[in-house]
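Hello,

Here is the structure I promised to pass on to you. Please have a look at it first, and then read my notes below.

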Amino acid sequence: ETGLVLVGSQPSGADIYINGKRTKYKSPLRLADAPVGKLTVEQVLTGYRVWRKLLTVQGQEVSFADYAILLPQKLTYTSFLSEYKVTQLVQTSDKRKTFMLTSKPQAALWQLDNNNTPNKRYEVPGNSADPSLVNLQISEDGNSVLFRQNSNGLSSLIAIAGNNSPVNITEALQIKDGTLSFNPDNNREIFWLSTEGVVRKVSLEDQTLGPVLANNVVSFSVQKSRSYYVTKPDEINPTPVLWVIDNSGQDKKPVTKTLPPSTSYQIDYSKPRINNYVAVLASDTKQLFIVSNPTSDKPTTSMLSKDTANFSFSNDGTYIVYNSSNTLKTYDFERALRYNFGSSLVDLTSWYWYDDSHILVVANKQLRLIDYDGQNDQVISDTADMVESAAIRNSSDSVIYTSSGNLRSVSLTENKF
């Protein structure tokens with residue numbers, strides 16, 4: 001019995017080695033009649049780092065080694081906007097719009113164009129004492145932004161919807177704290193979870209508060225068309241309950257009642273090709289749960305991990321990566337497989353999906369590019385860099401990141417952007 005292995009690389013034309021032996025083929029390749037069992041695929045191209053994958057061929061199934069990024073032996077680095085001290089870097093999920101907060105030359109919000117030229121969107125008034133901008137959020141399309149402004153001993157939430165003037169929603173609506181999230185279906189609406197556990201909508205257009213959507217809420221996650229939230233135990237429900245509600249505030253129903261008590265939960269939704277899932281992480285117990293078919297009449301809940309600090313879905317929803325004891329692990333929903341990253345990621349700070357098959361990881365002040373299953377772990381930051389929490393891919397196969405508050409980029413191809 002045999003299987004099919006798809007081999008490919010960017011750039012193409014790499015020599016292909018199978019189980020350590022050079023073949024006559026170059027990438028891309030459809031390797032038919034591959035023997036069942038362990039198989040090592042290497043792609044070798046002069047001037048580039050070797051890409052190597054150990055995979056298991058299954059009979060009558062397709063195995064993939066067609067997503068290789070061949071990194072140049074010598075990477076190209078660029079420093080830019082050196083006069084700016086960057087405190088936060090944020091990008092839309094489609095990678096089309098990038099924003100940054102700075103402390104120098106002034107406390108301001110900027111949007112980077114395709115040439116990485118900053119355009120100022122907002123600045124703290126010049127007569128402010130000890131000004132700073134923090135906690136930047138952007139809407140799904142990047143047309144609206146929300147951040148916290150600290151100045152003159154006061155802390156305010158500032159929202160900008162499209163090209164409209166900034167709105168101080170702390171002054172206008174008395175919203176001082178809590179959790180705020182943009183509505184993916186309407187960039188001029190924000191869902192607000194107050195510290196009292198009440199969920200309401202905020203209209204940036206009218207500067208008004210909508211009716212109460214839910215009470216007794218611990219954590220709230222806004223998704224397209226619908227939202228998920230967890231409520232505290234009460235007289236009716238003695239355990240925490242995960243609920244789903246559409247974003248108009250209608251059609252509310254319970255999803256699962258098997259969650260452990262916790263002071264907060266991380267909630268996210270994913271819809272791969274075959275199924276749909278909600279992941280819920282109880283922060284106190286560090287248990288990560290997966291709910292399959294959450295909007296159906298019979299959703300199923302299972303525990304994926306007992307020791308998780310954070311998680312994220314891949315952009316296409318096929319994988320979930322989670323942090324357990326400073327080690328990243330991946331679960332493949334389509335194949336029901338788990339992958340453990342081989343090396344411990346000491347001082348793991350954050351990670352970002354570069355594409356559906358690769359992860360950018362910030363750990364030990366380094367920036368690394370790693371395959372979704374933990375293979376081909378490669379440092380891509382410069383030796384002198386002290387990389388912080390932001391790592392963003394732009395539109396030209398390069399990665400923008402901050403090192404000691406300064407903007408840097410590394411090109412993942414031979415050509416400079």
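**What I found**

Let me start with the second largest pocket: it has 26 lining residues, and those nearest its centre are Lys53, Arg335, Leu337, Tyr339 and Tyr372. Strand 6 (51-57), strand 7 (62-69) and strand 32 (337-340) are the elements that give two or more residues to this lining. Strand 7 contributes the most, with five residues. By type, the lining of the second largest pocket holds nine nonpolar, six polar and 11 charged residues, and the pocket volume is about 770 Å³.

Before I go further, please note that this is a predicted model, in which local features need pLDDT of at least 70 and side-chain atom pairs count only at pLDDT 80 or more, while totals for chains, interfaces and linings use all residues. Residues are numbered from 1 along each chain as its sequence is written, and side-chain values use heavy atoms, with hydrogens and water left out.

A pocket is an open set of points on a 1 Å grid over the protein atoms alone, with protein on both sides within 12 Å along at least five of seven lines, and lining residues have an atom within 4 Å of a point. Grid points are joined across faces, edges and corners, and a volume is the space filled by probe spheres set on the points. Strands (E, at least two residues) and helices (H or I, at least four) are DSSP runs numbered from the N terminus. Nonpolar covers Ala, Val, Leu, Ile, Met, Phe, Trp, Tyr, Cys and Pro; charged covers Asp, Glu, Lys and Arg; the others, Gly among them, are polar.

**The largest pocket**

The largest pocket has a volume of about 2000 Å³. Its lining is made of 47 residues, with Gln91, Ser93, Glu140, Gln223 and Asp268 nearest the centre. Among the strands that each supply at least two of the lining residues are strand 9 (85-91), strand 13 (132-138), strand 21 (217-222) and strand 37 (387-393). Strand 25 gives the most, with five residues. This lining splits into 19 nonpolar, 20 polar and eight charged residues.

**The chain as a whole**

The protein chain has one helix and 39 strands. Its radius of gyration (over C-alpha atoms) is 23 Å, close to the 22 Å from the globule rule (2.2 Å times the number of residues to the power 0.38) for 417 residues, so the chain is as compact as a globular protein of that length. The C-alpha trace spans about 70 × 55 × 35 Å along its principal axes. Of the 417 residues, 52% count as buried, that is, under 20% relative accessible area with a 1.4 Å probe and protein chains only.

**Backbone details**

Two cis peptide bonds are worth a look. One joins Ser27 and Pro28, with omega about 5°, and Pro28 sits in the loop between strand 3 (21-26) and strand 4 (29-35). The other runs from Lys104 to Pro105, with omega near 0°; Pro105 is in the loop between strand 10 (98-104) and strand 11 (108-112).

Positive phi in a residue other than glycine turns up at Asn19, near 50°, and at Asn364, near 55°. Asn19 lies in the loop between strand 2 (15-18) and strand 3, and Asn364 in the loop between strand 34 (358-363) and strand 35 (366-371).

Best wishes

Definitions and conventions
1 Å grid on protein atoms, 1.4 Å probe; cavity = no way out; pocket = protein on both sides within 12 Å on 5 of 7 lines; lining within 4 Å. Buried < 20%, exposed > 50% of the residue type's maximum accessible area, 1.4 Å probe, protein only.
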